[in-house]
Every structure is written in structure tokens, then in C-alpha cells.
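Hello,

Here is the structure I said I would pass on. Please look through it first; my notes follow below.

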Amino acid sequence: MTSLLGNSSTKRNTVVAIDLGQRTTKAVYLQRKGESLDLVQYALQDAPPADTVPSPELIGDHLKSLIEAIKYKGRKVTLVLGVGESLLRHAELPMVPVGDMRLMLKYNSKNYLQQDLPDYIFDCQTVAIAQNGAEGSARGNSKARVLVGGARRQTIEQFQQAAKHAGLIVDHIVPSLVGPANAFELTMPEVFANEVVALVDIGFKSSSISILANGELSLSRVVSFGSDKLTSGLAEAMGVSYAEAEGIKVGLPEEVQGAMQGLITPLGRELRASIDFFEHQQDKTVSQVFVSGGSARSPFIVESLQSELMVQTSSWNPISFMNMALPPEKLGEAEQVASQLAVAVGGAIAAF
């Protein structure tokens, strides 16, 4: 899917993707072996503190630490930008080469994206020919439905400088919103191609919902509610520290489930509103919801979301389609952290 920087026509056998999360940075090291993919290494590290100025040097040192952790000897990396640093939109554009689409968005973003986005860099991927395509084609002005990724030029340049500081080259930049969909396509190809499903990725400060309709990413929304609110609310309700609440959240003893249920309800309502909007607009029904992110490790959180969404809801494993070529000490914990790797894995797939 859409990358903001990079040449997807170049065949790659090795990809390292780094998901720059707000609290935890995730890196995955993937290798193509024939028709299959190997997960060679992965790493999760605390992101630089939010109260520090994210200078290229600070980010560069952080990237270097991750590269050392996954024992990667190459220089090319794919960076996955979070929802605060990137955007993903659907648009209708004339059927012209991608380079021309980028120029049209650069000079007239308000017309196509309903928002002035000066000094943004865009990339596009054609999803389908718009319904008036046959008619329009006869008149020479057919339209395409396009997935548009974008980020501020300044943001992209800062990450390029950070990579240079770390001795790396940024090969691709990918919006995080495409990550879960890319990983899901390879994890559950039949469901991806034939059903209407929602993918919910619970991040630290915000969560995203992507609705896939028969193999097409039809809607992406960001909700300003993430695991931070769940942990903070639980800490307050129990009178414990944030760190203790973080540990309790996954296991959730019975006596705190009532408090957690109340905290999850607003997230469930926000997500349900996105599903209702899609179902009303498209006249299609979402049959299943799949949850990723650190909170997806808690069966109680997943079950509580199901109660709010009124749709079958489950967690999923975005690394299950790969061969585990991990060192022995990583094999045991891979399953536990898998739900946090959906965005990084999907970003890596965009770069292959």
C-alpha cells in the first residue's frame, strides 16, 4: 500500500521496518524466502520521552539502538509514521500517472482532500476506477478512487536526518494506518478477500479503526483514546501507580473488572460510531472485528469491546503467517508481543 517515499518496484529480499509509536517503538526484520517470509528478529523499546525535544540526534540514537537490538547489518530501513505525523485519506482523482496525482495534491489539496495541506509530500495508490469511469473514459476524463498518504515535508526531512545520524538510509516512509490492513491480508487472506471486517489497533494516545470490504480498505478513522487512558483510569480507581496498573491491565483480577468496563465503554462507543457510519454509507454489514495493540493481550478488554460493538470481536496474531527464524531466546515471547507488531509488520510488507 501507499508509501510516502521509496520505490516499490524494486524487488527486496530483506526489509527492516520501524514503527515509531508514541510510547513504544517496534522494529521488525523480515526476509523473503521464495514465496514465504521469515521473521528474523524484532525489538520493542521505550520511545524517547514525550517531554523531550525530538531532535534528529535523539531520534537517530534511538534508531541506532533498535538496529543494534535486531542485529541488522544493512543500512536501508522503512519508517512507519504514527497518526500524529502522517495522514491517510480516500480521494477521487483524474486517471493520470501517480506523479501527476502527487502534483495535483501538492498544489490543490483542498479541492481533493477538503483540507489545505501546504508543504506536504503525498503518494497515491489507485484503489479502483470510479463508477463513472466507463462514461468518463469515453470523454477522456475518467476518475480513479485513490488512497492518499501524506506527511509534512519537515517531518520527513527530520527523520531522514535522524537516519543519517544513525548511519542509515530511509528507503520507505509508510503511514501507520496502512499497517494493520497489510499484515491482515497475509495473515487471513480468505477473510480479507471475502468479508467486511474492522481492524482496531489500540495505541498509546489514540486508536485506529480500518474497515476492509472484500479486499479493499474502505474507511480509516483515528479515535483520540488509547491504552494510556485505560491504564491511568485503572491506576486512579485502584489507588496504585501507573506501572502497577499497567501490569494488572492484562490479567485483570475480577475485583477491578467493573472499573475497567467503565473505562472501555467510551472507546467502544467511538468505534461503534465509525462502524455505523460505514454501514450506513456503504449498505454493508461488518461481520467481525479484529483487535491489535498491547491491550489486545487482555481477553477482558477484547470481550468488553465486543459487548460495546455488538459484533464478534477477537485479537489476532500478525506474525502467524511467517516462518519464525528468531533466535531461541525470542521464540518464547514472540507470541506474547505479536499483537503489538501489526503496524511494523504491515509497514515492512509495504516496502517489499
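A residue is called buried under 20% relative accessible area, exposed over 50%, and partly exposed in between, with a 1.4 Å probe and protein chains only. V96, at 28% relative accessibility, therefore counts as partly exposed.

Some background before the rest. This is a predicted model, in which local features need pLDDT of at least 70 and side-chain atom pairs count only at pLDDT 80 or more, while totals for chains, interfaces and linings use all residues. Residues are numbered from 1 along each chain as its sequence is written, and side-chain values use heavy atoms, with hydrogens and water left out.

Helices (H or I, at least four residues) and strands (E, at least two) are DSSP runs, numbered from the N terminus. V96 sits in the loop between strand 5 and helix 2. Leaving aside neighbours within four places in sequence, V96 is in contact (heavy atoms within 4.5 Å) with M101 and M104. S142 is 46 residues from V96 along the chain, and their C-alpha atoms are separated by 9.0 Å.

Three strands form an open sheet in the order 5-7-6, with antiparallel pairing; two strands pair if DSSP finds at least two bridges between them. Strand 5 (87–94) and strand 6 (120–129) are at the edges with a single partner strand each, so one side of each has no neighbour in the sheet. On average, neighbouring strands of this sheet are turned by 30 degrees against each other, direction ignored. Axes here are lines fitted to C-alpha atoms, for helices over the stretch in contact, and angles run from 0 to 180 degrees between N-to-C directions.

Strand 6 pairs with strand 7 (residues 143–152) in the antiparallel sense over nine bridges. I121 has A151 in strand 7 as its bridge partner.

Two helices lie across strands of this sheet. Helix 2 (residues 98–113) lies across strand 5, strand 6 and strand 7, at about 100 degrees to strand 6. Helix 4 (residues 153–165) lies across strand 6 and strand 7, at about 60 degrees to strand 7.

Helix 4 also meets helix 1 (residues 56–69): their axes come within 7 Å and cross at roughly 55 degrees. Residues making the contact include I59 and L63 of helix 1, and F159 and A162 of helix 4.

Which residue of strand 7 would you look for as the bridge partner of I121? The residue is A151.

Regards
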